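Please view the structure below before reading on.

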Amino acid sequence: MNAPLVKFPDFLPGSVWIAGAGPGDPTLLTLGVHNGLQMADVIVYDALVDQRILDLAACGAVLEYAGKRGGRPSTDQADISQKLVALARNKKRVLRLKGGDPMVFGRGPQECEALINADIPFRILPGITAGVGGLAYAGIPVTSRDTNAAVTFLTGHTASGNIPDDVDWESLSKGASTLVVYMGSKHLRHIRDRLLDAGRPANEPVAIISKATTNNQRTVTSTLETCAESLAENELQAPMIIVIGPTVEYHEAFSWFSP
Ligand code: SAH
């Protein structure tokens, strides 16, 4: 018999894999996460994980929902971490499955800390983050030689639901020309105002990509000045990723995905 082409790590009972499910389309799962789905005894999953991905779990696996609603205070994060610890202590193979990448605005670090404190072995399995995969499905390059040499990933609200106050909008504005905003819909007016105050041009292109990589993906383009109105008028639904900067100009020509 031929040796297997891919050697997967052993998923040991009593350990936790903190994994990223990607932005939605199941074909964006990594082989490692797919393997984790088939090996896990328990899958503790987030609100943004697509049902078609959960359907890939082994038949005997227990699925536990541990989602949080965007913008609400994350009072139950400690409970989720404790759940992971308790399951691992019960000698389960625990897959903690999050949307996108677990370490990009995903509270993966807090769960790692809880596991370290409890002496539970863990592994981190990256996933395709919405700010990269979602842009690809909207035909928007994250970087392009002709437009931007840097990119900034930004969250539109903090764990307490407020616009981040530790962001230096002035320097952020002068930094990378492309800004990719996660969780930005609620505070889009504030974000726009702060960027305009800090000197970003009012006619700068903006794309809002709703439900990226799913069958309900929609992309709407506007300008920095009109983006908040455009979001409301088009009745775009969460989750949404917002892209600000010249790389948005590629969208029209590069749009390839028709859900
Ligand atoms: N860890 C995730 C991000 C979690 S924060 C990742 O790496 O993608 C949640 C935010 O991610 C949402 O508010 C939205 O801004 C973005 N997001 C996640 N999935 C998305 C999708 N399919 N389409 C558009 N935005 C998405």
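How many salt bridges does the structure hold? The structure, which is a predicted model, holds 11 salt bridges. Side chains of opposite charge can pair when their charged atoms come close.

The domain assignment of the chain gives domain 1, residues 16-128, and domain 2, residues 131-254. In the contact, domain 1 takes part with 17 residues and domain 2 with 17 residues. The C-alpha centres of the two domains are 27 Å apart.

The size of an interface is often given as the accessible area lost when the parts come together. For domain 1 and domain 2 the buried area is about 1100 Å², and 63% of it lies on carbon and sulfur atoms. On the side of domain 1 that touches domain 2 there are 7 nonpolar, 5 polar and 5 charged residues.

What is the count of salt bridges between domain 1 and domain 2? The count is 0. For polar contact, the count between the two domains is 3 residue pairs, with both residues at pLDDT 80 or more.

## Salt bridges in the structure

| Pair | N to O distance |
|---|---|
| K174 and E170 | 3.3 Å |
| R192 and D193 | 3.1 Å |
| E204 and R200 | 3.0 Å |

K174 and E170 both belong to helix α6, which covers residues 169-174. The two residues are 4 apart, about one turn of the helix.

Is K174 buried or exposed? K174 counts as exposed because its relative accessibility is 61%, and exposed means over 50%.

D193 is at 35% relative accessibility, so D193 counts as partly exposed.

Which residues are linked in a network of salt bridges? Such a network links D46, R96, K98 and E111.

Technical notes: Residues are numbered from 1 along each chain as its sequence is written. This is a predicted model: local features need pLDDT of at least 70, side-chain atom pairs count only at pLDDT 80 or more; totals for chains, interfaces and linings use all residues. Side-chain values use heavy atoms; hydrogens and water are left out. Domain bounds come from an automatic or database domain assignment. Contact means heavy atoms within 4.5 Å. Buried area is the accessible area (1.4 Å probe) that two parts lose on being put together, summed over both. A salt bridge is a side-chain nitrogen of Lys or Arg within 4 Å of a carboxyl oxygen of Asp or Glu. A polar contact is a pair of N or O atoms within 3.5 Å; within protein, one must be able to donate a hydrogen and the other to accept it, and residues adjacent in sequence count only if both atoms are side-chain atoms. Ala, Val, Leu, Ile, Met, Phe, Trp, Tyr, Cys and Pro count as nonpolar, Asp, Glu, Lys and Arg as charged, and the others, Gly among them, as polar. Buried means under 20% relative accessible area, exposed over 50%, partly exposed in between (1.4 Å probe, protein chains only).
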